[in-house]
Each structure stands twice: as C-alpha cells, then as structure tokens.
Amino acid sequence: MNHLRTFILLAALTALFVGVGYLLGGATGMIVALAFALVMNVVSYWNADKIVLRLYKAELVDERHPDPVVRAYVADTLQMARDAGLPAPRVAIIPNDQPNAFATGRNPQNAAVAATTGLLRMLDRREVRGVMAHELAHVKNRDTLTMTVTATVAGAISALANFALIFGGGRERPGGIIGVLAIALLAPMAAALVQMAISRAREYEADRIGAEIARDPEALASALQKIEAYAKRAVNLPAERNPATAHMFIINPLNGKGADNLFSTHPATGNRVKALMEMARKLGGARPLSGDYRSAQYGHDAGAYAPSATAVPASENTSPTRPRGPWG
C-alpha cells in the first residue's frame with residue numbers, strides 16, 4: 001500500500017509538472033519537463049534525504065557529542081529505534097531556534113531523524129522522546145520516501161510556476177498571459193492539494209504509533225502543544241524559503257511572516273492532542289520511564305541546549321498534575 005501510494009503521488013506530481021511544461025512551452029516544453037521530471041524523480045529517490053539535511057544545515061551527531069543533552073537525545077532515539085525493531089537511523093541536530101523535528105530517507109535502512117536546537121532547548125527529555133518516537137513512526141511506516149520526494153518535486157513545481165510568472169506571458173504560449181498567471185497561481189496550489197491528500201492520516205497514524213514506541217502518549221501531546229505555541233514566534237528561514245518541505249515537520253514550520261502557508265498540510269494540533277490523551281486514558285496513563293531515563297538529571301547547565309528563561313509556563317501547555325521530565 002505504501003509503494004502504491006508513493007507511485008500515485010509521484011505520478012500526480014509528475015503529470016502536473018509535465019502539464020505546466022506544456023502550458024509554458026507547448027509540445028517541446030512538455031517533453032523537456034517530462035525528461036526533467038524523470039531525472040528529478042530518480043535523483044530524489046536516491047538523494048532527497050541528503051538534499052533536505054543539507055538544506056537545513058543539519059549536523060549528524062552521536063553519543064560522543066560533548067553536550068549531555070545531545071548525547072541523551074541520541075541515546076534515546078537509538079534505543080527507541082531498537083525497541084521498534086528498526087535499523088539505527090542517522091541522528092542530526094538543526095541549528096534553528098524554532099522547536100521542530102522531521103524524518104527523512106528512502107527506507108528504514110537509509111533513514112535519518114533530525115531535531116532543531118530550539119526543540120532540545122525547550123522540551124524536557126520525556127517530551128523529546130515523544131517527538132522522536134513520532135519521527136521513528138514515520139520511518140517505520142515508510143512515510144519518509146513519500147515525504148522527501150514530494151518535497152523535492154513540489155518545490156520544483158513551485159519554482160517552475162515562479163519562472164512562468166517572471167519570464168512567461170508571450171502570446172505564443174498556450175493561454176497567453178492569462179494562462180501564465182493561472183500557472184503561477186494554481187500549480188503550487190495543486191501540488192499542495194496532492195500533499196494534503198495523504199498528510200492528515202499520515203500524521204495521526206505517526207502520533208499513534210509514536211506514542212506506542214515511547215509508551216507515553218501524554219509526553220507527545222505535551223510536546224505538540226509547546227511546539228505549536230513557540231513555532232509561531234521563531235522564523236524558520238529555510239522552511240519559509242522552501243515551503244514545499246513544511247509537511248515533513250512534526251508541526252507546520254511556516255509562521256506566515258515569509259512565504260504564504262500554502263503548503264500547510266498538518267491536522268489541527270488540538271485534534272492530535274485530544275486523540276493522544278484519549279489513548280493515554282485507555283492505557284491508564286503514561287508508563288514511567290525506567291533506568292537512565294529517570295535518573296539522568298541535567299538541570300539548566302547543558303550549554304546551548306539548556307531550557308531558556310522564556311519557556312512556556314506549564315499552565316499554558318501541560319496539565320498541572322503532569323510530572324516534569326528529567327530535562328525539566
């Protein structure tokens with residue numbers, strides 16, 4: 001089913017890309033666009049994860065990192081991957097103040113997960129585990145191929161539409177200036193609609209499986225609320241410049257100060273939190289962390305990733321009775 005979904009998605013985006021090429025350059029433009037789309041699909045399949053990681057200046061890290069918070073983040077992520085029966089993913093940090101995270105890679109054997117420094121700074125350890133379990137769920141569900149290739153192809157469609165707006169408009173082109181304007185406005189919207197066709201169900205499913213991997217639905221629910229509150233306060237410039245990648249993040253990284261939120265494909269955070277809390281009630285509450293997860297105390301001296309003085313008050317995002325995690 002995942003392979004069929006990926007094929008249908010790529011076919012739809014490729015057809016849209018070729019259609020735009022025809023409207024811009026007739027039969028010749030269509031052939032050129034088709035050839036370019038085929039090459040781009042092959043390149044995206046093998047290299048989209050590297051492209052996305054490079055785009056966000058992600059740094060691969062391991063358990064030898066000098067910062068204890070990063071070491072714990074890596075250790076927890078790798079441990080949860082083992083618990084979920086997954087190959088060890090590459091683990092990265094993104095130098096960005098906006099709290100967020102994503103997963104990428106064409107399959108579980110070539111997967112990478114990344115969290116921003118803002119996320120490690122703002123969340124406690126239990127919440128970070130919840131977020132990374134969500135990203136591992138995307139890997140387990142093999143969503144990452146769809147997410148990374150879609151980001152690449154949809155971004156190309158947007159770039160082609162912008163090219164049409166800047167350089168198009170000749171009468172020799174089908175539709176003339178009206179057709180060019182229609183391309184510039186409608187092509188990115190169509191690409192966004194294709195993304196949205198699968199995004200909501202994918203996020204809900206990753207929430208559910210991620211909560212099972214971390215054995216703590218409440219931690220992910222709390223993390224989603226905090227990330228939602230802070231994502232609008234910090235501008236994620238790479239995401240604003242490349243809105244086609246927005247669907248890869250756990251929370252929409254676009255805050256409307258840069259590019260339009262056209263590619264916002266995330267379900268409402270409130271609905272996600274409600275589903276997770278219902279899951280927690282059915283499980284009888286969050287299971288306690290064991291071993292090192294409970295005993296590791298980092299306080300507020302963990303360098304650049306320590307919690308800031310502007311952290312969201314617990315009353316805004318968490319239940320008053322919810323215990324703080326070992327990073328809080």
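Contact, as I use it in these notes, means heavy atoms within 4.5 Å.

**Ground rules**

I am working from a predicted model, where local features need pLDDT of at least 70, side-chain atom pairs count only at pLDDT 80 or more, and totals for chains, interfaces and linings use all residues. Residues are numbered from 1 along each chain as its sequence is written, and side-chain values use heavy atoms, with hydrogens and water left out.

**Overview**

I started with the secondary structure, which comes to 11 helices and four strands. Helices here are DSSP runs of H or I with at least four residues, strands are runs of E with at least two, and both are numbered from the N terminus. Next I looked up burial: 54% of the 328 residues in the protein are buried. My cut-offs are under 20% relative accessible area for buried, over 50% for exposed, and partly exposed in between, with a 1.4 Å probe and protein chains only. Of the contacts with a separation of 6 or more, 70% are between residues 24 or more positions apart.

**Helix α4 against helix α7**

I looked at how α4 (residues 125–140) sits on α7 (residues 217–231): the angle is about 95 degrees and the axes are 8 Å apart. That makes the pair roughly perpendicular. For the record, axes are lines fitted to C-alpha atoms, for helices over the stretch in contact, and angles run from 0 to 180 degrees between N-to-C directions. Angles under 35 degrees count as roughly parallel, over 145 as roughly antiparallel, 65 to 115 as roughly perpendicular, and the rest as oblique.

Which residues in α4 and α7 meet? On the α4 side I listed R126, E127, G130, V131 and H134; on the α7 side, E218, A219, L220, S222, A223, K226 and I227. By class, this contact has five nonpolar, three polar and four charged residues. The classes I used: Ala, Val, Leu, Ile, Met, Phe, Trp, Tyr, Cys and Pro are nonpolar, Asp, Glu, Lys and Arg are charged, and the others, Gly among them, are polar.

**More on α4**

I checked the length of α4: its 16 residues should span 22 Å at 1.5 Å a residue, and its end C-alpha atoms are 22 Å apart, which agrees. The expected span is 1.5 Å times one less than the number of residues. As for burial, 15 of the 16 residues of α4 are buried, so the helix is largely enclosed by the rest of the structure.

At the N-terminal end of α4 I found D124 as the cap, with a side-chain oxygen 3.1 Å from the backbone nitrogen of R126. A polar contact is a pair of N or O atoms within 3.5 Å; within protein, one must be able to donate a hydrogen and the other to accept it, and residues adjacent in sequence count only if both atoms are side-chain atoms.

After α4 comes R142, with a positive phi. R142 is in the loop between α4 and α5, and its phi is near 60 degrees although it is a residue other than glycine. At 37% relative accessibility, R142 is partly exposed.

**T144 and G105**

T144 lies in α5 (residues 143–167) and is buried, with a relative accessible area of 0%. What does T144 touch, not counting residues up to four places away in sequence? I noted A103, T104, G105, N107, H138 and V139. A polar atom of the T144 side chain lies 2.6 Å from the backbone oxygen of G105.

G105 itself lies in the loop between β3 (101–104) and β4 (112–116), and at 0% relative accessibility it is buried too. G105 and D143 are 38 residues apart in sequence and 9.0 Å apart in space, C-alpha to C-alpha.

**R202**

I found R202 in α6 (residues 176–214), buried at 4% relative accessibility. Leaving aside neighbours within four places in sequence, R202 is in contact with H138, D143, M147 and H247. The side chains of R202 and E203 are joined by a polar contact of 3.4 Å.

**Helix α2**

For α2 (residues 68–83), the 16 residues should span 22 Å at 1.5 Å a residue, and the end C-alpha atoms are 22 Å apart, which agrees. Its N-terminal cap is D67, with a side-chain oxygen 2.8 Å from the backbone nitrogen of V69. Just after α2, G85 has a positive phi of about 75 degrees.

**K57**

Last entry: K57, in the loop between α1 (2–55) and β1 (59–60), has a positive phi of about 55 degrees although it is not a glycine. Is K57 buried or exposed? I have K57 as exposed, at 63% relative accessibility.
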